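Take a look at the model below. We will walk through how its parts meet.

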Amino acid sequence: MAPPDHRRPFKRPTISDQQRRRELSLLRQAQHRLDAQHRARCLASTVLSLEAPGPGPGPGPEPEPEPEPVPELELASESEHHVEEGGGGDSRSPSKEFDVRQASKLRGAEARKWFARQLMLPEWMIDVPDRLPQDWYVFARPAGKRCFVVSADGITVSRLRNGSVLHRFPSALPGGSRTRDVSGSAQSYSILDCIFHELDQTYYVIDMLCWRGYSLYDCTAEFRFFWLNSKLVESGACDPPSQNHGYRFNAVPVYNCDENGLHAAYTGAVTYIKDGLLFYNKQAHYQAGNTPLALVWKDEKCSQYVIDTDSNGNVPRLQQVVLELQDDLKLITSDDPPVVFGSLDNDIVQKVQFAYNSTNISFLVSVTWCVHSHIHT
Amino acid sequence: MAMEVTQILLNAQSIDGSVRKHAEDNLKQFQEQNLPGFFLSLAGELANEEKPAESRKLAGLILKNALDAKEQHRKYELVQRWLALDAAVKAQIKNCLIKTLSSPSHDARSTASQVIAKLAGIELPQKEWPELIGTLLTNIQQLPAHTKQATLETLGYICEEVSPEAVEQNHVNQILTAVVQGMNSSEANNDVRLAATRALYNALGFAQANFSNDMERDYIMRVVCEATLSPEVKIRQAAFECLVAISSTYYEKLAPYIHDIFNITAKAVKEDEEPVALQAIEFWSSICDEEIDILEEYGSDFTGDSEVPCFYFIKQALPVLIPLLLETLLKQEEDQDQDEGAWNIAMAGGTCLGLVARTVGDDIVPLVMPFIELNITKPDWRQREAATYAFGSILEGPSPEKLVPLVNVALNFMLSALMKDPSNHVKDTTAWTLGRMFEFLHGSMLETPIITPANCQQIVTVLLQSMKDVPNVAEKACGALYFLAQGYEDMGPSPSPLTPFFQDILQALYAVTRREDAGESRLRTAAYETLNEVVRCSTDDTSPMVMQLVPHIMMELHQTLEAQKLSTDEREKQNELQGLLCGCLQVIIQKLGSSEATKYVFLQYADQMMGLFLRVFSCRSATAHEEAMLAIGALAYATGSGFEKYMSEFYRYLEMGLQNFEDYQVCAITVGVVGDLCRALEDNILPYCDGIMTQLLKDLSSNQLHRSVKPPIFSCFGDIALAIGENFEKYLIYAMPMLQSAAELSAHTSGADDDMTEYTNSLRNGILEAYSGIFQGFKGSPKTQLLMPYAPHILQFLDSLYMEKEMDDVVTKTAIGVLGDLADTLGSNAGPLIQQSISSKDFLNECLSSDDHMIKESAEWAKLAISRAISI
């Protein structure tokens with residue numbers, strides 16, 4: 001006697017493996033389609049954000065050619081390149097963590113181009129924000145190379161501000177090494193905003209963007225710092241380096257921006273060399289590019305990089321800056337976004353072109369420099 | 001017009017093939033040349049009492065088959081053909097049919113009933129044949145018994161054939177009155193009573209209004225319950241079938257009767273003949289189904305006001321229901337484990353017990369444990385088997401907190417029973433129970449593991465040993481190993497607790513596939529399925545062992561392809577084996593091809609493997625074809641651009657797959673593989689695109705192709721466009737109108753049932769994925785302008801989707817992404833259009849604040865692209 005149509009004999013398997021194979025294949029195909037789509041969109045947003053800055057020449061109906069890559073700066077001392085004017089209104093945030101995951105699969109020039117645009121950059125602090133003591137955090141910024149650290153698929157990669165790879169190593173961060181992850185999830189990954197401090201070979205974590213696949217982009221700084229402080233230590237990332245953990249990570253002490261906090265950040269002893277103070281608005285979300293909701297202060301007391309020094313630590317008479325000459329003869333800094341200093345007249349350009357026999361000039365100008373920003377060659 | 005057809009109809013049933021063939025040709029010719037004459041002749045033959053029973057019956061069946069077909073398109077043609085006939089002809093045919101209902105020949109009456117129901121199915125929805133029900137019911141109480149029986153049977157078939165909306169309430173009332181009177185115990189004729197009871201089964205769906213009326217419902221329920229006590233077993237069985245149907249259709253009306261029904265069913269389960277007892281158990285299984293659904297809805301919906309309230313019938317019946325069901329478990333049949341189709345009281349009772357466990361959860365445990373403890377060590381195998389079966393049945397439903405301590409105690413006992421129990425039945429059920437433990441209580445989700453480093457080795461050893469037992473026990477042991485492996489699948493990177501035993505497991509499974517008797521009890525299939533699952537959960541440190549398996553599996557496949565001169569039966573088995581081997585290779589490709597560490601070594605086998613798959617295509621078996629196609633898709637993705645070298649040879653099989661309307665699964669899989677190829681070859685797929693696109697467009701225009709294949713075909717357009725970019729240009733004039741008309745059709749879902757809504761959403765998703773791929777493919781090309789003319793319609797489509805509010809999350813996500821892709825590719829040219837659309841405002845804003853992570857992501861992308869398009 002046969003069972004009713006919808007009643008499967010109980011001791012038979014619930015699902016055939018053939019059906020499972022079919023479903024898994026469909027799932028795999030859907031995932032790959034999604035990846036391809038994301039990739040198409042992600043590359044698009046790279047181009048978008050590269051084109052974004054400045055008024056520039058009005059774009060015609062033709063699609064714009066990709067701009068020349070920004071000249072890569074070999075950063076001798078890796079402090080920030082900031083300008084007083086700040087980033088203007090460019091607060092769009094194309095970077096979401098799916099882009100980052102996707103981008104972590106990018107290689108070479110594409111990857112560099114992409115990662116060069118993902119960090120949140122503070123503006124110079126030129127006045128005191130309202131409600132500073134209530135709404136802001138302060139901490140001493142470690143001196144070193146600012147970088148983006150992505151741990152995923154069993155490897156940890158750090159990339160400098162220009163997008164080039166600094167280190168590639170196993171770490172105790174989620175998904176950061178091929179050892180078995182206690183969380184059990186293969187999807188586990190994290191994205192940190194760090195400064196690599198040469199002296200003690202440590203990554204100081206100054207912000208957390210994703211943790212165990214959980215995005216913190218849309219969380220307030222208050223929550224991100226809370227999460228950073230509670231999660232980083234328990235992951236084992238703060239342990240000393242070992243075979244499966246290439247570099248030690250550390251959180252920086254963050255204070256409320258009241259008098260005590262300011263004092264502690266400004267004068268307090270830390271395990272690293274200080275390079276200015278960073279101020280973060282507690283309510284601000286993480287966003288790529290310059291933002292007035294993060295501010296930086298440097299003076300002689302809290303940063304050795306406030307002005308240039310030579311290899312002996314002496315301050316040279318002249319401070320140097322490299323400016324880039326645009327096609328329209330404007331001179332701009334390599335800051336992001338660039339600051340326009342002025343224009344050269346045609347005469348000089350022709351003379352120089354003649355001298356170097358080149359149409360593509362990076363123009364070196366020595367000027368006497370007395371602003372509290374410096375740029376290295 | 002009518003013609004003498006008796007002899008032809010008799011010849012058509014001749015044992016002589018050539019005579020039969022000749023007669024069939026004659027009939028076909030007659031039908032083609034003169035349809036009205038053909039129908040009239042058949043109806044006349046059926047109605048003529050002087051004709052032989054055989055020719056009458058066949059005449060009726062041919063007539064019936066000329067009115068209906070399974071395939072939708074054909075069915076529509078037949079219906080139209082009937083409706084177009086001359087009214088007088090139709091009337092004459094109907095008269096013949098009605099007249100036949102009073103024939104003394106049972107076969108003639110019964111055949112006429114079925115034909116009348118088919119005609120009613122065509123005509124009543126068209127508001128034709130309005131007098132039918134009245135004619136049938138006139139004087140029904142005065143009719144002779146045989147005519148009354150045929151009339152009731154006809155009413156039952158009509159209810160099965162016609163949807164309730166097509167019959168007016170007045171007629172429904174008359175039908176129900178006649179049917180319930182026919183069922184009444186006062187009806188002396190058993191044939192009439194049986195026909196009436198079976199008719200009620202079909203008429204229940206019409207009785208909404210009557211079940212809402214207390215008096216009418218009470219009366220119907222009383223008559224049904226009385227019929228369950230009829231001395232005639234067929235009537236009792238039919239009456240219980242009515243109760244089962246009532247339990248699902250009118251669950252919310254059952255409360256006043258449930259106590260009586262329990263008593264009736266309990267008596268039937270204990271004492272009645274098997275067909276009746278099975279229906280009585282089915283009643284409770286069906287109540288479980290209802291309550292599981294309702295409680296699931298409670299769980300997912302925090303407002304708690306689900307449409308149907310749960311009456312907790314099962315929870316209330318628990319103390320009496322459980323002993324009743326446990327009792328059935330002791331009524332096993334000797335050979336039930338060897339017989340795949342077996343179904344008996346013990347199996348139905350166990351199934352119901354499992355459903356009860358899922359319905360009530362923890363409450364079942366204390367009621368079942370004493371039975372298990374009492375019987376599990378008894379000398380009679382029936383008692384040990386029943387106790388084990390009871391334990392296995394309750395492992396899904398109750399909480400892990402409740403079950404884990406019990407399983408921890410039972411596990412050792414079960415392992416030793418699987419080795420030492422003298423009864424194959426007990427071992428079979430023991431292995432199955434172990435599988436259930438691993439399926440529901442083992443995995444990374446659970447806090448307290450039942451499998452620990454301390455007992456893992458023992459478990460694996462016992463299962464591998466048991467895989468050498470008789471086929472039905474070995475099959476269950478494979479199943480247990482399947483779930484054991486599955487529990488470790490999402491454990492993340494190595495090392496897995498299975499690593500130390502991995503080699504042994506692979507070898508043991510491979511050995512099972514090669515057993516002489518692996519054809520019995522689907523043992524070979526189970527072994528390959530388990531092998532697949534073990535491969536899926538392999539890790540970096542065990543993948544070299546999987547790699548070693550590859551040449552063996554390829555060799556097996558090679559051997560199946562070499563086999564010559566097989567009988568039909570052997571060929572069928574060979575094809576099945578090819579399917580299993582291709583399936584296994586597919587899983588291995590996916591596993592080893594997805595990790596950089598193993599991919600390159602593995603791909604050394606690619607040439608050989610591809611050669612084998614191509615040979616599989618030349619064996620004509622849909623299953624093997626499908627598996628090989630899936631494997632090739634995985635291989636294409638793993639090889640990437642390197643797959644190009646296989647394309648010239650593979651292409652014709654790809655085309656064959658896309659043309660396979662009949663086995664639509666093969667067609668659907670092939671469409672998916674085209675997507676894999678697009679992503680692997682990128683613009684190197686271009687030379688094949690003309691052929692592929694032609695085939696896909698043909699598929700879309702076909703009425704024969706199963707509708708489920710159409711959404712993936714649209715998605716595939718997107719895959720192709722993304723791969724070949726602006727080269728998609730030449731297909732735009734064909735693809736875009738198709739997308740557009742499909743979009744118009746799918747924009748509205750109002751009034752559709754769940755299945756239709758689900759299909760519509762998958763269709764929308766396919767259309768949107770096509771648009772997405774096309775826009776992204778054209779991006780940055782000077783030819784983007786070619787897409788401009790389509791933009792207004794696409795935006796309109798998005799707007800109408802938004803207005804309709806019937807999108808699921810997946811469609812929402814894809815739709816808002818298309819908005820971004822459109823803005824991204826068309827840029828400022830589409831700015832004004834975008835700004836006019838509702839999608840760019842309300843829809844986008846809703847998505848931006850969505851809780852769904854994926855929707856929000858896509859919306860942010862769209863916002864970015866739009867802001868750029870309109871800022872320039």
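How many salt bridges does the rule find across the interface of chain A and chain B? The rule finds eight. Here a salt bridge is a side-chain nitrogen of Lys or Arg within 4 Å of a carboxyl oxygen of Asp or Glu. One salt bridge joins the side chains of Arg33(A) and Glu769(B), at 3.2 Å from N to O.

A word on the source. This is a predicted model: local features need pLDDT of at least 70, side-chain atom pairs count only at pLDDT 80 or more, and totals for chains, interfaces and linings use all residues. Residues are numbered from 1 along each chain as its sequence is written, chains are lettered from A in the order in which they are written, and side-chain values use heavy atoms, without hydrogens and water.

Now the contact itself, meaning heavy atoms within 4.5 Å. Chain A gives 48 residues and chain B gives 85 residues. Together the two chains bury about 5,400 Å². That is the accessible area (1.4 Å probe) lost on being put together, summed over both. Of this area, 51% lies on carbon and sulfur atoms.

Turn to polar contacts. Between chain A and chain B, 16 residue pairs are in polar contact, both at pLDDT 80 or more. A polar contact is a pair of N or O atoms within 3.5 Å; within protein, one must be able to donate a hydrogen and the other to accept it, and residues adjacent in sequence count only if both atoms are side-chain atoms.

Which element of chain A gives the largest share of the side that touches chain B? Helix 1 of chain A does, with 21 residues. Helices are DSSP runs (H or I, at least four residues), numbered from the N terminus.

Key. Helices (H or I, at least four residues) and strands (E, at least two) are DSSP runs, numbered from the N terminus.
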